[in-house]
Amino acid sequence: MIAAEVMSAPPPVAADGAGQRTILDRAAAGGRISAADALFLLEQGDLQAIGEVADAIRRRRFPQGYATFIIDRNINYTNVCVVRCSFCAFYRLPGDPEGYRRSKDEIFRRVEEALDKGATQIMFQGGHDPKLTISYYEDLLSSVKARYPVTLHSLSPSEVHHIARYSRLSIAETLRRLRAAGLDSLPGGGAEILSERVKQAISPLKNSAAAWIQIMDEAHRQGLRTTATMMLGHVETLAERVEHLAAIRDSQDRALRDVGPGQGYRAFIPWTYQPDNTELGATVPGRADSEDYLKTLAVSRLFFDNIDHVQGSWLTVGKAVGQQSLALGADDLGSIMLEENVVSAAGVTEKCMTDAQMIDLIRGAGRIPAVRDTHYRILKTF
Ligand code: SF4
């Protein structure tokens, strides 16, 4: 629907500086930019000019000058998966000797290690193993919640889709049961690019783009807060990136209208595709360059007039570019990543960061480092 809007829209404005100025002035004044405007900025906009407005919007929304991060741990409960996304270097098919499922004792040990290091959040993320149905997830979430004071920002719409399918439950019932078992918040993994063409090209066995949005809409209706991600820099066109942004903004409009203020997505998190060790890497071997990534992030700050936080991704683009993102619209640098295995399997070099390194990075950007929780409440400043 949005793609049709983008494709059939007349050229948004003249392809010159005046056109860009008109869009940027509207965004700077608090107005909403259209999908066609966003496409124009991605195709022809100047990063410096877009970034200045993105930074001004960020300052208006968060005048205290903090740049936040969270201490958390990703725990991959299994790498067994039948979905075979061509961009993924993490999964192993059932029966593969390298496939694993973590025992509960191992999971508890990892949670305890994380808590010892100050973590407030655990992200359970895993493959789609047909042997795992809702009872496995209910037991996993409830047993961790019963033992530890930790927020479970866990699973993703694609895992929810998998659980519903193999448990023969509706999405609504699956989410209700996961929430009752202890799920506090739903991360926006598995979105990649919310375009059915792109989904067919890189992950034909995964949930559709429409299903991802429907799961998020249902989560929001049940009062579950979420985040949204974007994996950029592979087979997608710039128009498809805008289609992705627009699908999420429309979904957030519904959350704010139907559920209420302060609901829906907390944050938008763009990051770049990592090609190493992936099937897709043979045809898309390069990485999105830093200008492409930063421009997409800055445009997203302009586009999302209804989502509070935009997160820079140091993990996939490197610490220096992550630091630059703080001057171009980002207000948060995500996690220091006590453990990360999914993106790392596809070739990132900077797998983790200490608190001290994160604090230095943020200070180097001229901002006040602050540790936050899942809900973006400030826990400590430095
Ligand atoms: S991205 Fe997720 S769903 Fe796709 S193959 Fe990897 S583990 Fe499976």
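Residues are numbered from 1 along each chain as its sequence is written. Because the model is predicted, local features need pLDDT of at least 70 and side-chain atom pairs count only at pLDDT 80 or more, while totals for chains, interfaces and linings use all residues.

**Exercise 1.** Determine the strand order of the open sheet of three strands, and state which strands stand at its edges.

Solution. Helices (H or I, at least four residues) and strands (E, at least two) are DSSP runs, numbered from the N terminus, and two strands pair if DSSP finds at least two bridges between them. The order is β2-β3-β4, with parallel pairing. The edges are β2 (72-75) and β4 (151-152), each of which has a single partner strand, so one side of each is left without a neighbour in the sheet. Between β2 and β3 (residues 121-124), which run parallel, there are four bridges, and R73 stands opposite I122 in β3. Helix α5 (residues 104-116) packs on this sheet, where it touches β2 and β3, and its direction makes about 165° with that of β2.

**Exercise 2.** Carry out the corresponding analysis for the open sheet of four strands.

Solution. The strands follow the order β5-β6-β7-β8, and the pairing is parallel. With a single partner strand each, β5 (185-186) and β8 (309-310) stand at the edges, so one side of each is left without a neighbour in the sheet. Strand β5 is joined by two bridges to β6 (residues 225-232), with L186 opposite T226 in β6. Helix α12 (residues 290-303) packs on the sheet and touches β6, β7 (265-272) and β8, its direction making about 165° with that of β7.

**Exercise 3.** Describe how α6 packs with α8.

Solution. Axes are lines fitted to C-alpha atoms, for helices over the stretch in contact, and angles run from 0 to 180 degrees between N-to-C directions. Helix α6 (residues 134-147) and helix α8 (residues 171-181) pack at about 25°, with axes 8 Å apart. That makes α6 roughly parallel to α8 (the term covers angles under 35 degrees). Contact, meaning C-beta atoms placed from the backbone that lie within 7 Å, involves I134, Y137, E138, L141 and S142 of α6 and T174, R177, L178 and A181 of α8.

**Exercise 4.** Identify the residues that A38 contacts, leaving aside its neighbours within four places in sequence.

Solution. With those neighbours set aside, A38 is in contact with I33, V242, L245, V299 and F303.

Notes: Angles under 35 degrees count as roughly parallel, over 145 as roughly antiparallel, 65 to 115 as roughly perpendicular and the rest as oblique. Two residues are in contact if their C-beta atoms, placed from the backbone, lie within 7 Å.
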